[in-house]
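Please read the following briefing alongside the sequence and the coordinates. It goes through selected contacts, sheets and helices in turn.

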Amino acid sequence: MESKFYEEDKLLIFKITDEIDDFSVQKIRRKADYEIERYMPKKVIFDFNSVTFMDSAGIGLIIGRYKFVKMLGGTVELANLTSSIRKIFEMSGILRLIPITNLEVS
Amino acid sequence: MKSEIENEMKLEFISKSANEAFARITVAAFASQLDPTIEELADIKTAVSEAVTNCIIHGYDKKQGIVKIFARLTENEIIIEISDKGKGIENIDIAKEPLYTTKPNLERSGMGFTIMESFMDKVDVESVVGLGTKVTMRKVIKNKVENEESDDEFEMITKE
């Protein structure tokens, strides 16, 4: 997973590059929480453009980061969801809390 | 209508979450013989990942055990059995409820069975407490037949 912080906007973007399952999610979670604590962003965007697979572990990952970022006074958005990833998020109901945003594919 | 089994395979591996990717990719490679669409293949991979995760996280609860997969293909359907000899499920109806999880502290979403049920055509769960759990999932692969039909149509149009 790659991350980039934009100081002027207090924006932290995570570009997830792994498949997301119960195995890989532990590493992603650790890195995300470390970066969130380090930068204290106002907004966090998770970019799914390079994610070729996600199961329900992704739901827990996003809900967990949403709670953490919210506690620190920030917001979370999701970008570049494929149709199957979107289907999984829709099923969980988290898209009612977490908006999908436009982010150019880099 | 029961169609004849055209192919089958078995897979056994240790209950390590590192094997989840191996399991879903192997089943998807086997399913590709039915010429599924990319979306159907993604559905199968997701459902297998959920079932295997359940065996590892819940069935064996981090203890080491063997996860077994038995997959069969008929002319247009894949049937996948995924089983463990772990602790079993006390109440299957409750376990299947969306958002129900016994491990909320580990950021488990409780959506595993819901995803299996919506991505596959049929999901059956058999479980005996102390003996293990077997999930049987079926999915009809529609792609092949429809494609052939549309190819024929296309041929007819071009002939005219």
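**Briefing on the two chains**

Leaving aside residues up to four places away in sequence, Phe30(B) touches Met9(B) and Ala71(B), where contact is taken to be C-beta atoms, placed from the backbone, within 7 Å. This is a predicted model, in which local features need pLDDT of at least 70 and side-chain atom pairs count only at pLDDT 80 or more, whereas totals for chains, interfaces and linings use all residues. Residues are numbered from 1 along each chain as its sequence is written, while chains are lettered from A and ligands numbered from 1 in the order in which they are written.

**Phe30(B) and its surroundings**

- Phe30(B) is found in helix H1 of chain B, helices (H or I, at least four residues) and strands (E, at least two) being DSSP runs numbered from the N terminus.
- Phe30(B) counts as buried because it has 20 C-beta neighbours inside 10 Å; the classes are buried for 20 or more other C-beta atoms within 10 Å, exposed for 12 or fewer, and partly exposed in between, with C-beta atoms placed from the backbone.
- Although 21 residues separate Phe30(B) and Met9(B) in sequence, their C-alpha atoms are 8.1 Å apart in space.

**The sheet of chain B**

- In chain B, 5 strands form an open sheet in the order E1-E2-E3-E5-E4, with antiparallel pairing, two strands being paired if DSSP finds at least two bridges between them.
- The edge strands of this sheet are E1 (7–14) and E4 (122–128) of chain B, each of which pairs on one side only.
- From one strand to the next, the twist averages 10°, with axes being lines fitted to C-alpha atoms (for helices over the stretch in contact) and angles running from 0 to 180 degrees between N-to-C directions.
- E1(B) and E2 (residues 66–73) of chain B run antiparallel and are joined by 8 bridges, and the bridge partner of Phe13(B) in E2(B) is Val67(B).
- Helix H2(B) lies across E2, E3 (77–84) and E5 (132–140) of chain B, running at about 10° to E3(B).

**The sheet and helices of chain A**

- An open sheet of 5 strands in chain A has the order E1-E2-E3-E4-E5 and mixed pairing.
- Strands E1 (2–6) and E5 (100–101) of chain A stand at the edges with a single partner strand each, so one side of each is left without a neighbour in the sheet.
- E2(A) and E3(A) run parallel and are joined by 5 bridges, and Leu11(A) has Lys43(A) as its bridge partner in E3(A).
- H1(A) packs on the sheet, touching E1, E2 and E3 of chain A, and its direction makes about 165° with that of E2(A).
- H2(A) packs on the sheet as well, touching E3 and E4 (75–79) of chain A, and its direction makes about 145° with that of E4(A).
- The buried residues of H1(A) are Val25(A), Ile28(A), Ala32(A) and Ile36(A).
- The face of H1(A) turned away from its buried side carries exposed residues, among them Lys27(A), Arg30(A) and Glu37(A).

**Where the chains meet**

- In all, 20 residues of chain B are in contact with 16 residues of chain A.
- On the side of chain B that touches chain A, the largest share, 8 residues, comes from H2(B).

Notes
Two residues are in contact if their C-beta atoms, placed from the backbone, lie within 7 Å.
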